[in-house]
Amino acid sequence: MRVLGVVFLSLAVAVGTASARPSADPGVSSNEIVIGGTVPLSGIAASYASVGRGAEAYFKYVNGRGGVNGRKITYKYVDDQYNPSQTVQATRELVQQERVFAVFNSLGTEHNLAVRSFLNAAKVPQLFVGSGATTFGRDYRRYPNTIGFLPSYVGEGKVYARHILKTRPTAKIAVLYQNDDYGKDLLSGFKAGLGAKRRNIVSEQSYDPLSTDVASQVARLKASGAKVLMVIATPPFVIRGLVAANRLGWRPQIYVNQVGGATNIMRIVAATAGARIIQSAVTLISVKDPTSPRFRKDKGMALYRTIMKRYLPRGDANDGFHTYSMAVAYTFEQALRKAGRNPTRASLLRAVANLDIKSNPFLLPGVRIKTSATDHFPLDQGQLQRWSNNQWHPLGKVVSAKP
Amino acid sequence: MADVLQQVVSGIASGGVYALLALALVLIYRSTGVVNFAQGEMAMFSTFICWELLDRGVPYWVAFFLTLAISFVGGVLIERLVIHVVSRAQALTVVTVTIGLLILLNGAAAWIWKGEQRTLENPFPSRTFDVGGVVIAAQDIGIIAVSLAVVAVLWVFFQKTRVGLAARAAALNPESSRLHGVRVSWMLALGWGLAAVLGAVAGILVAPTQGSFDQNFMLPILIFAFAAAVLGGLDSPIGAVVGGVAVGIALNLIGTYIDFFSDLRLPAALLLILLILLLRPNGLFGRQIARRV
Amino acid sequence: MTALRYALRAAGLALFVAVVVYVPFRISDFRSSEFALIGIYFIAILGLNILTGYTGAISLGHGAFMAIGAYTTAILVADHGMRDLWTIAIAGLVAAAAGTAFGLPALRLSGPYLALATFGIAVATPIVIKKFDGFTGGSGGINLFEAEGITGLPEFVVTLPGGHQLSFNDWLYYLTWTIALVLFVVAWGIHHSRLGRSLRAIRDNELAAAASGVWLASHKTLAFTLSAFYAGVAGALLAISAFSVQPGAFPVERSIALVVGLAVGGLGSLAPLVAGAAFLVFLPQWAQDISKAPGVPSVIYGVVLILLMMVLPMGVGGLLRRIGSPLTSRLYRRS
C-alpha cells in the first residue's frame, strides 16, 4: 500500500527538516524549477487571467536566455474559477501531485487565505500573493512562508486620505466601495488616514459584485452633497459608477483605487461619459503604465513589449495586468538568483525576506522593492497620478504606501 | 422627495432592460415550454456581433438591424439543431442543454473577442433633462420607448397576423394545429428566433448604459430578468414588462431606504418576489393552469 | 421480487463497496482527495435526485443547502470546539430543517416557478452569508486548518484506533465514501418503501395520487427535507475537505453544477449518479488540459455537455437501463 510512503512523507513534512530527506526540495531538478499558482481562467473574474499569462511569458523569456543558474522555470498556473474551495483543491494538486517548489502569484484575498495555513504547515513558500490584504505582509511571524506583493489596501487608502487632507481638508467626501474584504480593507485605511477628519465622509455606499449597476448608490452619494468621490471598485464598477455620476450631472473630485484605475478603463469612461467627469481624477500607481507615452523610450517597457510580442502575441499589451505580472515574475527571478546555486525552500524564503531591488524594469522609476526579516511588504511605494488629456500624469514624488 | 423620485427613475431605466430580456424568456417559455438559461448569453453574443459590425465601419442602424437578422437566424438554428433534438426529453434534460449553451456561448465570446472590455455606441442623445431636481437621461427614455415599441410590435404580430396566430396555436395545442396544417416545429423555431431578436435589442441597448461590456455582462441581468419573468408570470408578456420595471424599482428603493438592506438589495428583492409568488403561484399575470387527470 | 433479483442487487452492492475500498490503492495520494470530491458531489446529487426524481421539481438552489451544511460544520468546529465527525450529521439536520422551512411554502409553486425561486435562493446565498459576518467570518470565511476538531490536521496524517496511519487525503476519501454508501443504501431503501411509491405516484399523476389518499403537501415537503439533508452532509464534507468555508465557495454555479451532474448521471437512477459526479470533477480539467486559451475550456465543456444530452437524454443511468433492462427490473417504469 502506498499509504505507508505517504505517511512517511507527511511525517517528514510535519517533523520538518530534522528528518532524513533528499538533498533538494521538491520541484527542483538539475535543469528545471517547477512553481505553480492559481488564477481565475474562467468565470466572472476571467479578466484577471492576464496575471498568470504575463508571468508565464516573462518566465519563457528568462528560459530563452538560459534560465536561472542553468535551470528553466516552469510556471504551472491553474484555474480556480475564483472559487476559494477550488483554490484549495488546485493548490493541493500543485503541492501533492505536481510537487511544486513554491506557490507563486496566486490571485485573490479569500483564495490565498484559504490555503495559507496549509502551505505553511507543508512548508511550501507562498510567494507574492496577488492581494493587497494587509495580513499577508503583517502576519509573517505566524505564517513565515507567506509574503504579499501588491501595496497593501490599507496603505493605499492612507495615501489618498493624506492627499485629500493636504488639498481639500474641508471637502465633504462620498465613498463607493465593493462589499467584501478588499473594499472594506481599503476603506478602513482611508478612514485611518483621514484621522479626525473622517467626519468629512458624509456618505458610504457599497455594491455587491453581482449587481448590474450602481446608479442607485451613486444617486444617494450625490444627494449627500459631497465634493469628493472615493471609488473603491473593480474596473467594470469604476466605469459604471462614473458613467452614472456623469448622467446625474454630478462632478465631484474623483479618487479611484489602483485596482480599477488603469488607463484603458479611464479611457472607456472618457469615451462613454466624456472627459469632464474624470478631469483631474487621482490614483496611485506603482507599475509602469503600458499606454503612457512617458515610457515610449523606456528600456523596461521596450523589454515588456518585446516579451508580449514574442511570448504572448494574442495578449493585449495595453492591459496593465500583464505589466504587473511581469513585475512580480521579475521579482521572483531575482529572489531565485539570490537563493543560491542549489536553491532550497529555506534559502528561497531567506532571499525573499532580504530583497533590495532598486530598478525593477516594470515598476515606476524610484519605486524600490525592499524586504527584511521584519518587513514583508515588498512593494509599498507608489506615485500619485492626475488624469488629464486622456492620460495619467505623475503628481509629486514617489510616496510610501506602508499600512 | 426628489431623492425618492430619482431612485424610481433610475429603477425604471434598469427595469426596462430586465423587461426586454424577461420578454424573450416568456416568448420561449410560451412557444416551447423551456426556461432558457442561455437567453442572457445569446443577447451577449448578439451585442458582440453588433460591436464587430460597428468596428468594421458599418453605419449604426445598418449594424443594428443586421444584428437583429443574424440573431434571428441564430435563434432559429439553436432551436432546430439543439433544442428540437431534446424537445421530447424530460424538463431536466432541456434545462441542462440550455445551461450547456450558456457555458458554450460565454466561452466562445471570450475566445473570439479575447475577454476584453469593449464599448458600444449609444444610439440616443447623451443629454439629460432636469425635472424638478430629478435627472432623466434621454438614453433611459429611449430604452423604455424601444421596450414599449417592441411589446406593441409583438402584440400585433401574435394577435393580428396569420403567422402569429399559427404560432400561438402551435404552442397551445400542437396536435390539433398540426391537423389544421400548421407547421408546428417551425413555429417553435420562430419563437426562439424572435426571442433571440429581443435579447439582441436588450443587449445593444444596455451595453452603452454600463459604459463597457465583456462576455460576462449579461449574467447578472439574466438573474433579474428571471425574477421579472417569474414575478409577472412566465406566460405573460405584459407580466414580463410590469415585472421588469417593478424589479428595477424595488431593488433601488429597498436598498436605499431600509438601511439594513443597503448591502442586501438583491436578496431582499428576491425574497419579496418569493413572498408574492406564495400568494400568486403563477405570478401577477400568469394563467392558472387547470389540473386534469 | 424474486430471490434472484435480490441476489443480483446484493452482488452489485458488494462490487460497489469493493471498488470503493480498492480505488485508493491504485491512485496517488492527491487523487484520493479528488475521488473524495466525487463522493461529495455524489451525495449531493443523490439528494437532488430524491427531490427531482420523485416530485419532478427541479431545484437550482441546492448549493444553498450545501452552504448551510458547510457553515454548520465550520462554526461548530471553529467556535464550539466540536469534533468534525459529529458535526456532519448535525449539518445534515440543520440543512434539512432549512429544507423543510423552504419546502413547505415553495412546493405551492409549479415546476419552472419552483426552479427559478430556488435559483433566486442560490444567487442570494453568498450575499446573505457575507452580511452576517460576525457569525460567518464575512467574505474571508472561516479557516478550519488550525482548528482542533478537524481530524488529521495540521499534520495531514490520521492515526486510526489501533495505530494504523492514513494520509489525510485517504482518510477523507474513506470518510466520504463510507457516508456516501450509507446514504446510497438509504436512498435505495426510500425508493422501495411506501414513501417512495407514494412519491412516484405524485410525480406521475398528482391528482390521481391525491384521490387515492396520498397527502401531497406532506410528501413533497418530506422529499425536500430529505434532499436538503443530503446536500447538508455534502456541504459539511466539503468544508472538511477544503478545511475552510467562504461565501465565494457557494456561488450560483455550484447549484447549477449539481443539476448538470444529475442530468448526466441520469434522473431516477442511483448508482449511475456517480458518473454525473465524476463528470463535474473531471470534465473541466480535461477541457483545460486540451487548451488554456481564453474561453476555449468553456467551449469544450459546453459542447461536450450538449452533445451528451442529445445522445443520452436520460443520462448515463438511462443508457445502463436500456442495456440492462432485460436483466434487472427498471427502477422506474415511466421515465
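This is a predicted model: local features need pLDDT of at least 70, side-chain atom pairs count only at pLDDT 80 or more; totals for chains, interfaces and linings use all residues.

Trainee: What does the secondary structure of chain B come to?

Mentor: Chain B has 11 helices and 2 strands. Along the sequence the pattern is α-α-α-α-β-β-α-α-α-α-α-α-α.

Trainee: Why is chain B called as compact as a globular protein of that length?

Mentor: Set the value against the rule. The radius of gyration is 19 Å, and the globule rule gives 19 Å for 293 residues, so chain B is as compact as a globular protein of that length. Its C-alpha trace spans about 60 × 50 × 35 Å along the principal axes.

Trainee: How many residues of chain B are buried, and what is the test?

Mentor: A buried residue has 20 or more other C-beta atoms within 10 Å of its own. In chain B, 57% of the 293 residues pass.

Trainee: How many residues of chain B are in contact with chain A?

Mentor: 29 residues of chain B are in contact with 29 residues of chain A. On the chain B side, α1, β2, α9 and α10 of chain B each give two or more residues. The largest share, 5 residues, comes from α1(B). By class, this side has 9 nonpolar, 15 polar and 5 charged residues.

Trainee: And what does the side of chain C that touches chain B look like by class?

Mentor: First the count: 44 residues of chain C are in contact with 42 residues of chain B. At least two residues each come from α5, α9, α11 and α13 of chain C. The largest share is 13 residues, from α5(C). The classes are 33 nonpolar, 8 polar and 3 charged.

Trainee: Stay with chain C. Which residues of α8(C) are buried?

Mentor: In α8 (residues 194-204), they are C:Ser198, C:Leu199, C:Arg200, C:Ile202 and C:Arg203. These buried residues pack against α2, α9 and α10 of chain C.

Trainee: Now chain A. Why are β2 and β5 of chain A said to stand at the edges?

Mentor: Look at the order of the open sheet, β2-β1-β3-β4-β5 in chain A, with parallel pairing. β2 (72-79) and β5 (146-148) each have a single partner strand, so one side of each is left without a neighbour in the sheet. The twist averages 20 degrees from one strand to the next.

Trainee: How do you know that β1 and β3 of chain A pair?

Mentor: Pairing needs at least two bridges. 2 bridges join β1 (residues 32-39) to β3 (residues 102-104) of chain A, and the strands run parallel. That meets the cut-off. A:Gly36 has A:Val103 in β3(A) as its bridge partner.

Trainee: What makes β10(A) and β13(A) a pair?

Mentor: The requirement is at least two bridges. β10(A) and β13(A) have 4, in the antiparallel sense. The bridge partner of A:Val282 in β13(A) is A:Arg386.

Trainee: Which way do the residues of β10(A) point, and are they buried or exposed?

Mentor: A:Val282 and A:Leu284 point one way, A:Thr283 and A:Ile285 the other way. All are buried.

Technical notes: Residues are numbered from 1 along each chain as its sequence is written. Chains are lettered from A and ligands numbered from 1 in the order in which they are written. The radius of gyration is taken over C-alpha atoms; the globule rule is 2.2 Å times the number of residues to the power 0.38. A residue is buried if 20 or more other C-beta atoms lie within 10 Å of its own, exposed if 12 or fewer, and partly exposed in between; C-beta atoms are placed from the backbone. Two residues are in contact if their C-beta atoms, placed from the backbone, lie within 7 Å. Ala, Val, Leu, Ile, Met, Phe, Trp, Tyr, Cys and Pro count as nonpolar, Asp, Glu, Lys and Arg as charged, and the others, Gly among them, as polar. Axes are lines fitted to C-alpha atoms, for helices over the stretch in contact, and angles run from 0 to 180 degrees between N-to-C directions.
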